Structures are given as C-alpha cells and as structure tokens.
Amino acid sequence: MTANSFVPVAALMLIVIVIATSLSGSAEIVSGTVFLDQNNNGVKEDDEKGLPHIMVSNGDQVKRTAAGGEYRFEFDVTGTRFVFITTPTGYRLTTPFYIKIESEGATKYSMNFGVTPDPNQSNKP
C-alpha cells in the first residue's frame, strides 16, 4: 500500500466514528436566559431583563444570547457535558457559571444565568 491509499481508509474510519458517536448519544436541549439579577438572589424574577450578546458555550459551540437574553443548544451527549457562561466585563455571577449535563436522565435542561454589576470593576460594557 502507498501513503495515498491510506487517505480514503482514514476518511472512512473518521466517518464511521462520527456516525457511531452520533448514534450512541441522546439528543439534549439546554436553554435559558442570561439576566440582570437586580436583587442578587440568583433567581430570574419577572421584572428582571435578559441581557443580549452574552457568550454561552457547550464546549463545542459558542453562541451569543438573543435580544431578550435567551440561548438554546441542542446536541448529542455521550458521558458528561457542560454548558457555561462567559461572565461579561464589569459584572459578577449570582448563579453557578455552568450546568452539568449527563447522558442518562432528562433530555431537556433549563438554566438561567444571573449577573449583577460588580462594584470592584469599572469596565462595564
């Protein structure tokens, strides 16, 4: 075999691995809102507004929150995965910065991320 004949074999093996990984996981939906936590209690109240353009990630994709602070991921989970927020400059978190997703159990997860202005930082966006 020549070095060039390994390329199609390697490509075929990669396709098989990707398909096997996709079939072995379960589709999970993770959604929520990044919000301005005005009372610092870590719970989104009806009058607390969502924050747009905040980065949230599932480790493979990075998304920015929509105009109302909403985000949504749909992906296959094998083992343990996390969804997490990047804390914006000038703010601190009032909730955990991540949600742990397990391949066994629920298929829908909801996690709101609360932030509040940090008086120790003057670089607010």
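**Fold, sheet pairing and side-chain contacts in a predicted model**

Of the 125 residues in the protein, 31% are buried, where buried denotes a relative accessible area under 20%, exposed one over 50%, and partly exposed a value in between (1.4 Å probe, protein chains only). The structure is a predicted model, in which local features need pLDDT of at least 70 and side-chain atom pairs count only at pLDDT 80 or more, while totals for chains, interfaces and linings use all residues. Residues are numbered from 1 along each chain as its sequence is written, and side-chain values use heavy atoms, with hydrogens and water left out.

The protein contains 1 helix and 9 strands, arranged from the N terminus in the order α-β-β-β-β-β-β-β-β-β; helices (H or I, at least four residues) and strands (E, at least two) are DSSP runs, numbered from the N terminus. Contacts, defined by heavy atoms within 4.5 Å, were examined between residues at least 6 apart in sequence, and 54% of these join residues at least 24 apart.

Strands of a sheet pair through backbone hydrogen bonds, in either a parallel or an antiparallel sense; here two strands are taken to pair if DSSP finds at least two bridges between them. An open sheet of 4 strands has the order 3-2-5-7, and its pairing is antiparallel. Strand 3 (62–64) and strand 7 stand at the edges with a single partner strand each, so that one side of each is left without a neighbour in the sheet. The twist from one strand to the next averages 20°, with axes taken as lines fitted to C-alpha atoms (for helices over the stretch in contact) and angles running from 0 to 180 degrees between N-to-C directions. Within this sheet, strands 2 and 3 run antiparallel and are joined by 3 bridges, and Met55 has Arg64 of strand 3 as its bridge partner.

Strand 9 (residues 113–117) is mostly covered, 4 of its 5 residues being buried. Gly114 is found in this strand and is buried, with a relative accessible area of 0%. When its neighbours within four places in sequence are left aside, Gly114 is in contact with Phe35, Asp37, Arg92, Leu93, Thr94 and Thr95. Phe97 lies 17 residues from Gly114 in sequence, and the two are 8.8 Å apart in space from C-alpha to C-alpha.

Phe97 itself is found in the loop between strand 6 and strand 7 (98–102), where it counts as partly exposed at 44% relative accessibility. Together with Phe82 and Tyr98, Phe97 forms a nonpolar patch on the surface, with about 290 Å² of accessible area in total. Patches are made of residues with over 30% relative accessible area and no salt bridge, like charges being joined within 9 Å and nonpolar side chains (Val, Leu, Ile, Met, Phe, Trp, Tyr) within 5 Å.

The structure holds 2 salt bridges, a salt bridge being a side-chain nitrogen of Lys or Arg within 4 Å of a carboxyl oxygen of Asp or Glu. In one of them, the side chains of Asp60 and Arg81 meet at 2.8 Å, N to O. Because Asp60 lies in the loop between strand 2 and strand 3 and Arg81 in strand 5 (residues 80–85), the pair ties together parts that are 21 residues apart in sequence. Asp60 is exposed, with a relative accessible area of 63%, whereas Arg81 counts as buried at 17%. A salt bridge also forms between Arg72 and Glu74, with the closest N and O atoms 3.2 Å apart, and Arg72 is partly exposed at 45% relative accessibility.

Most residues other than glycine have a negative phi. Asn40 has a positive phi, near 55°, and His53 likewise has a positive value, near 65°. Asn40 is placed in the loop between strand 1 (26–36) and strand 2 (55–57), and His53 lies in the loop between strand 1 and strand 2. Asn40 is partly exposed, with a relative accessible area of 41%, while His53 is exposed, with a value of 56%.

How values were computed:
Areas by Shrake-Rupley, 256 points an atom, 1.4 Å probe, with all protein chains shown as cover.
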